[in-house]
Amino acid sequence: MAEGAEVKKEEAQADSGRRIHTYPLIRHSDMNEEMRTESMELCVTACEKFANNNENAAKMIKEAMDKRFGASWHVIVGEGYGFEVTHEVKNLLYMFFGGNMGICVWKCA
Amino acid sequence: MMKKSKETQKLKVKLGQGQGDQLSYMKVPIKKASRKPSIFLKAQPENIAEEYPGLENCDEWTDPRERLKPADQLQLNENELNEEFTRILTANNPNAPENVIRYSFNERCFKQVTYIEQMAVHFAADGCMLHKNSDEARRQQARGETGVAIITDAQAEGEDNEENAEEQTGKEEVPEQEAERSSTLPPNRDAKKLTNQFNFSERASQTYNNPYREHETQTQPPPRTTFGSGVTQWEIFDAYAEDFAYQQLEKNKDKAKSIVGQKDGTTVRKKVLTSELQTNDMSLVARAAKIVERMVNQNSYDEIAQDFRYWEDMSDEFRENEGTLLPLWRFITDCTKRLAVTSVCWNPFYDDLFTASYGSYDFMMQPKGCICCFSLKNPSFPEFSFKTNYGVMSIDVHPSYPHLIVAGCYDGSVAVYNSKVSSEAIHCSNAETKHSDPVWQVKWRSDDLDGNLTYVSVSSDGRVCVWTVAKSELSCAEVMQLMVYGVAGDGPDGTRLQTLGSGTAIDFHPEHEQTFLVGTEEGRILLCSLTHHSHYLGAFTAHQMSVYRVQWNPFHPDVFISCSADWSVKIWERAHTEPLFTFDLKSAVGDVAWAPYSATVFAAVTADGRVHVYDLSVNKYDAVCCQTIVHRRKTKLTRLAFNRRTSVVVVSDDRGAVASFKLSPNLRRAPRDKKGQELTRSAEAEVEKLERILQVVRENPKTSSLSLATSAVQWSNRARKKF
């Protein structure tokens, strides 16, 4: 019984942990403060809107970024990938979102 | 052009795979005359006349030309020429061998092969179309509908169009029919979608391609960098876990921030990011810059460093009683070039560090002063430096707290500097307590009973003061007034004024802390005690001119040395009013110092730029080393200091330079017993060594004293000017 209770407690902790870990977490960015905030919120919006379709989320982010900050933006949305990109300085955002999603947004014409 | 033999030619046209070979046989009647090339006509007028009688005279007007006829041409008459040959085109390949013989294994003999392949392919081209009824087409249809279906469809359309063209005369209706047909395509064709397995992109992920600009309008591309990383589920988890832990820490630190939700968590992190970016201070690189500076200096002064550590003057072995000074680094900075070095003092803790003070001895021209701490590791720039408003005349580094430096200035003030804290004086004497004349020497003393720092200063105003650094204030206590006996002058109203002497040098006894010596400008040396304020323990009429330095022997408790502007260095014993030794150095002696490693070795610097090193155990009359170290005229040497542990001595001059020298082995020789064995160095041995020498002198005091009465008086004025 005691063991079961412990397990439950752990689960509860894990649950709480998972719940906490859904906020956007910027891993790397060389954007300025304003741009970073805006891009991050855009990514969050896109990923929440297209929770089950990463392609559409990426497309939405890319087009919105193009419109807002000028061409040409590139977006990766996915749960597991590796990348090595050349980007214009002050135009890179690499963040995690939702606890399982990695989003990389950069600009390079 | 053509052979006369009757050839049969085969024409074969490969029409298509689906159709069988079709051979066409043609009988081509060829007249012999027709075989003549037309250009030949002109060259052969005779033949023309034969063949065409009507044309006999047609070219009379032209030049008759000689007919060219090949040698092997057949001579044919009219009938033969008119004879008709029939050429039959057959399907036989003229190049095919006709008599191929192979071994027949059936009949076990060689047999002529009856069937010979006659087909020769001259041109073949595969078409891109298939007939829809062909086997290949059916196979392909069976395998996958799409590719073939399109072709057959196109063919079908073509056929339909022909039919339509027959039925209808108006062309304008044709597109309509096509439109109808395309709309009525059977739906089963879209059922299966084939995708390119190698280069496929989903329509949904394809975005709008922005048009490229003209090359001429392009400018310098914006700067780019590369960034790479990887996303895995465990990395994401770790990142969140780390961030969560960090947030927990922040929450614990600041309860006000504990309310932050998920969004605010990122703002906390953002603040950290910005604060990291903003602490871009020069102090961060100070340490790195210092290391680099040391490295550069180590490279550029490598030879000197090697000399400092390893080089020993080999010639010392052959020169019995002489030694040399090896020049090492020179320390000079721009800010101190015009100043005289007034004092040098090694750091008691760090063997490579010494402090030098800068001021001027010129009464008329007093610039601002300076204190610099140099390290042997970095000769190009001081480790610390303090600027002062007046020339600094003396300094002393505290023996227990090496970061504390006390300085005495030309205006009579004394100040304590802390090299750890700031470039400002931490304790400075105020106008009421300060000396009224230049402070010629300051000395740290051991802490008083309350644990406060104390030091002593001696000045030209005739006062010896003890200063106590108590918490934040500096208190002064006058210890002694230096009286000049017998020189009391008459005051205007008949009172007798006591003239005060001028103190120039002070040294405390290494063992009896209360006892100290004061050298005066009148040439007297006074033995005093802190416990007796009113009178002296002893007085020596030592020199004819100002005493520049007195120093107790570090080993022998009763022996001290003095130097003066009257060119002499004298060694005294406390009990004797006459000097035990007198050395005439032929120039004003700026400084004298006992060596820390031997009781009998001392060194002196003179105003003519020479360093004299004496070792009484070797030579009681002459210096074991007398070396000129400045080569510019008028440069005087001012101060000298032995390093405690290494065999280095620093010598300063009045042009702002401090030079370091390595003592050669003969100058720091260990005492030897009679058999030549080196004795172990101990204080007792040193005292005994000095005592032995002094014993000789005491018995016959005139042996080593040199007469200098006349010369000193004679040169006194000149020396005073010089120094």
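Buried area, as I use the term, is the accessible area (1.4 Å probe) that two parts lose on being put together, summed over both.

I am working from a predicted model, in which local features need pLDDT of at least 70 and side-chain atom pairs count only at pLDDT 80 or more, while totals for chains, interfaces and linings use all residues. Side-chain values use heavy atoms, with hydrogens and water left out, residues are numbered from 1 along each chain as its sequence is written, and chains are lettered from A in the order in which they are written.

**Entry: area.** I looked up the area buried between chain A and chain B and found about 3400 Å², with 58% of this from carbon and sulfur atoms. On the chain A side, His21(A), Tyr23(A) and Phe96(A) supply 18% of what chain A buries against chain B, more than any other three residues.

**Entry: residues.** Taking contact as heavy atoms within 4.5 Å, I noted 44 residues from chain A and 33 residues from chain B.

**Entry: polar links.** I found zero salt bridges between chain A and chain B (side-chain nitrogen of Lys or Arg within 4 Å of a carboxyl oxygen of Asp or Glu). I noted 14 residue pairs in polar contact between the chains, both residues at pLDDT 80 or more (N or O atoms within 3.5 Å, one able to donate a hydrogen and the other to accept it; residues adjacent in sequence count only if both atoms are side-chain atoms).

**Entry: strands.** With strands taken as DSSP runs of E, at least two residues, I saw that β3(A) gives the most to the side of chain A that touches chain B, eight residues. β3(A) also pairs with β5 of chain B (residues 224–231) in the antiparallel sense, over eight bridges; pairing needs at least two DSSP bridges. In this pairing, His87(A) stands opposite Thr225(B).

Methods. Helix = DSSP H or I, 4+ residues; strand = E, 2+ residues; numbered from the N terminus.
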